[in-house]
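Morning, everyone. Please have a look at the structure on the screen, and then I will walk you through a few parts of it.

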Amino acid sequence: MKYDLIVTRDSDKDFARSILLPVTTASFNQFLDTETQLQLLAQVKDASVLMVWRFSFAPDDRINDQMYNSLLLAGKLKQLGAAYVATFYPYFPYARQDKSEEDTATLGLVEVTAHLLKGVGVREVITCDLHAPAVIGAL
């Protein structure tokens with residue numbers, strides 16, 4: 001797939017520029033009640049967009065919150081008319097927790113995450129950190 005534009009957060013801007021496509025950033029802020037405010041100023045209508053998102057492992061930057069914010073951004077891209085949305089997650093959260101054949105009671109969080117991504121309009125996920133074979137089938 002050929003992408004027209006990369007959309008990322010400010011913290012990932014330098015990393016995203018290494019991909020050699022035009023880069024624009026999305027701003028995430030919080031209201032007083034900690035609700036997320038998302039601002040995206042770029043025109044994405046009819047564009048094929050690659051969303052670059054590196055997860056932080058800082059103690060005060062929870063993976064669950066980061067994943068939710070990435071879902072919000074992907075959904076916003078589709079809402080604004082992006083023709084195609086793909087995500088690049090160098091690390092894919094929840095891969096280590098996926099169910100195994102021995103433990104059928106464990107919820108396959110990779111599959112749940114894949115359904116959420118599809119639900120907001122993501123058509124392709126690119127990742128390089130596969131901890132479980134189930135990630136390949138889920139995405």
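Buried means under 20% relative accessible area, exposed means over 50%, and partly exposed lies in between, with a 1.4 Å probe and protein chains only. Keep that in mind for R9: at 12% relative accessibility, R9 counts as buried.

A word on the source. This is a predicted model, where local features need pLDDT of at least 70, side-chain atom pairs count only at pLDDT 80 or more, and totals for chains, interfaces and linings use all residues. Residues are numbered from 1 along each chain as its sequence is written, and side-chain values use heavy atoms, with hydrogens and water left out.

Back to R9. R9 lies in strand 1. Strands here are DSSP runs of E, at least two residues; helices are runs of H or I, at least four; both are numbered from the N terminus. What does the charged end of R9 sit over? The ring of W53, 4.0 Å from its centre. For that label, NZ of Lys or CZ of Arg must be within 6 Å of the ring centre and within 35 degrees of the ring normal. A polar atom of the R9 side chain also lies 2.3 Å from the backbone oxygen of R54.

Next, the aromatic rings. A pair of aromatic rings is described by the distance of the centres and the angle of the planes. Rings of Phe, Tyr and Trp (its six-membered ring) pair if their centres lie within 6.5 Å; planes under 30 degrees apart are stacked, over 60 edge-to-face, the rest tilted. How many aromatic pairs does a search of the whole structure find? Six. Take F55 and Y91: centres 6.4 Å apart, planes at 80 degrees, so the pair is edge-to-face. F55 is in the loop between strand 4 and helix 2, and Y91 in the loop between strand 5 and helix 3, so the pair ties together parts 36 residues apart in sequence. F55, at 7% relative accessibility, counts as buried. Now F57 and Y91: centres 5.2 Å apart, planes at 70 degrees, so this pair is edge-to-face. Is F57 buried or exposed? Exposed, at 60% relative accessibility. One aromatic cluster takes in F55, F57, Y89, Y91 and F92.

Last, the core. A nonpolar core is a set of buried Ala, Val, Leu, Ile, Met, Phe, Trp, Tyr and Cys residues joined through side-chain atoms within 4.5 Å. The largest has 24 residues, and V7, V49, L73, L77 and Y89 touch the most other members. Helix 2 gives the largest share, five residues.

Note on methods: A polar contact is a pair of N or O atoms within 3.5 Å; within protein, one must be able to donate a hydrogen and the other to accept it, and residues adjacent in sequence count only if both atoms are side-chain atoms.
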